[in-house]
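Biologist: I have a model open and want to learn how to read it. Can we go feature by feature?

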Amino acid sequence: MVDFTDTEEQAAFRTEVREFVAREHPQALADDAIYSVGLGGDQIGAVRGEERRKLSRSWREALVEKGWIAPAWPKEYGGADLSVMEQFILNEVFAEMRATPQRVPDVGSTIMVHGSDEMKSKFLPAMVKGQEVWCQGYSEPGSGSDLASLQTRAVRDGDDYVLNGQKIWTSGAHQAKWMFGLFRTDPDAPKHRGISYLLLSMEAPGITVRPLSQITDAKSFNEVFFEDVHVPARNIIGEENRGWYVGATHLDFERSSIGSAIGIQNTLDDLRDYLLPEEEAGSGRSRLSEPSVRAALADRYIEAETAKLFSYRVISMQNRGDIPNYEASVQKVFTSEMKQRIGNTAVKTQGLWGQLYGREDDFTPMRSKWSQWYLATISETIGAGTSEVQRNVIATRGLGLPRG
Ligand SMILES: Cc1cc2nc3c(=O)[nH]c(=O)nc-3n(C[C@H](O)[C@H](O)[C@H](O)COP(=O)(O)OP(=O)(O)OC[C@H]3O[C@@H](n4cnc5c(N)ncnc54)[C@H](O)[C@@H]3O)c2cc1C
């Protein structure tokens, strides 16, 4: 059973968050959120460059002060010790008010749970302040869904590990100062048991980062090559050859993606508003008066509401202390495929103009938000576990079907 009602304390916290956002979040960023695509799409908005950086910095400083950059973390590491429900409310209000998300890298929670004291004091404060970019070195050319087959070697040599091999699809590696990654330390052990979890400086000699162009024209992915790269052995998290279990630790931090579900509803409102004006301008015929357009948009609204309910289900489980399993896969498959359908609907409703890509072109609807969205969401059903792999989880763990 999902209980939607706030307790008295939760209602008070919701009010506190609303007042904080109204006071601290720059209005220009909220107005600009209409152009947000995710996956680097923020740059297509009107507020860009130094102006955006300045506004984002002031917002981040206000969040740091409150401990709301890493709200689940203990206060001693710059967090706010919020309960699962409070984190959920925080994300919900931020999404409703179109506040720009600001986060710490996921590896921060791993360091907090498994890292040495030295690592905690070295890395966690800098993460909260947003001073250092991190990238994730997991996937390799032959190891994506079957990640445990990864081959990049880390060989112990005195006080160091020496890395040789290649990672791929490494988001943000071209800007990152640090990488957290999985490397093979024992090639003879069963595949899950010969892997170690290392932190390494991206400035170490022997690392080459080569950008990969995406279909959207963005270059946020990279190949990363390692040639005799020395990493201090003290940079290991957990025990040697036990890295798989460190990487797979289920952390009790909010992962319900409620922000994303509400963000989608805002996005549909933006699309509806964009489609309305012809009627208002007196042409007598809005694209929304087309039955097929109305029906498609209504379907997307219903799906967005469903996605929100899936998020509520996951958060309710976490709040009860249960660990969502196939339920999270259901949410991931549904939401990622819905985003692709939204892109399809949006581009179609704009006719031939919908395909234009020139941001500053007067004929391009919404600064190319929708043509960008259409292309950018292709990767949604691949990253963080493909839809096929998620369906396998639903089939075996959710429906109890035998493994194929
Ligand atoms: C937006 C985005 C960001 C990413 N960022 C990073 C990053 O920062 N760091 C990083 O390390 N990686 C990153 N990745 C890589 C991502 O983790 C992999 O792309 C993903 O795990 C799939 O692996 P693959 O591309 O090798 O495809 P493969 O695993 O080779 O899959 C190919 C096809 O086979 C299907 N398939 C595979 N196994 C099965 C199976 N058992 N049953 C049924 N079908 C199967 C898949 O569904 C897919 O259709 C990112 C990917 C995306 C899209």
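**Two helices side by side**

Modeller: Start with a packed pair. Helix H10 (residues 291–319) and H11 pack at an angle of about 160°, and their axes are 10 Å apart. Helices (H or I, at least four residues) and strands (E, at least two) are DSSP runs, numbered from the N terminus. Axes are lines fitted to C-alpha atoms, for helices over the stretch in contact, and angles run from 0 to 180 degrees between N-to-C directions. One caution: this is a predicted model, where local features need pLDDT of at least 70, side-chain atom pairs count only at pLDDT 80 or more, and totals for chains, interfaces and linings use all residues. Residues are numbered from 1 along each chain as its sequence is written.

Biologist: How are H10 and H11 oriented to each other?

Modeller: Angles under 35 degrees count as roughly parallel, over 145 as roughly antiparallel, 65 to 115 as roughly perpendicular and the rest as oblique. H10 and H11 are therefore roughly antiparallel.

Biologist: Which residues of H10 and H11 meet?

Modeller: Contact means that C-beta atoms, placed from the backbone, lie within 7 Å. In H10 the residues include Leu-297, Phe-310 and Met-317; in H11 they include Phe-334, Met-338 and Ile-342. By class, the contact of H10 with H11 has twelve nonpolar residues (Ala, Val, Leu, Ile, Met, Phe, Trp, Tyr, Cys and Pro), six polar (the others, Gly among them) and five charged (Asp, Glu, Lys and Arg).

Biologist: What span should H11 have?

Modeller: The expected span is 1.5 Å times one less than the number of residues. H11 (residues 326–349) has 24 residues, so the span should be 34 Å. Its end C-alpha atoms are 34 Å apart, which agrees. Gly-351 follows H11, with a positive phi near 60°.

Biologist: Is Asp-217 buried or exposed?

Modeller: Count other C-beta atoms, placed from the backbone, within 10 Å: 20 or more is buried, 12 or fewer exposed, in between partly exposed. Asp-217 has 10, so it counts as exposed. Arg-98 has 19, so it is partly exposed. Asp-270, in helix H8 (residues 258–275), has 18 and counts as partly exposed.

Technical notes. Two residues are in contact if their C-beta atoms, placed from the backbone, lie within 7 Å.
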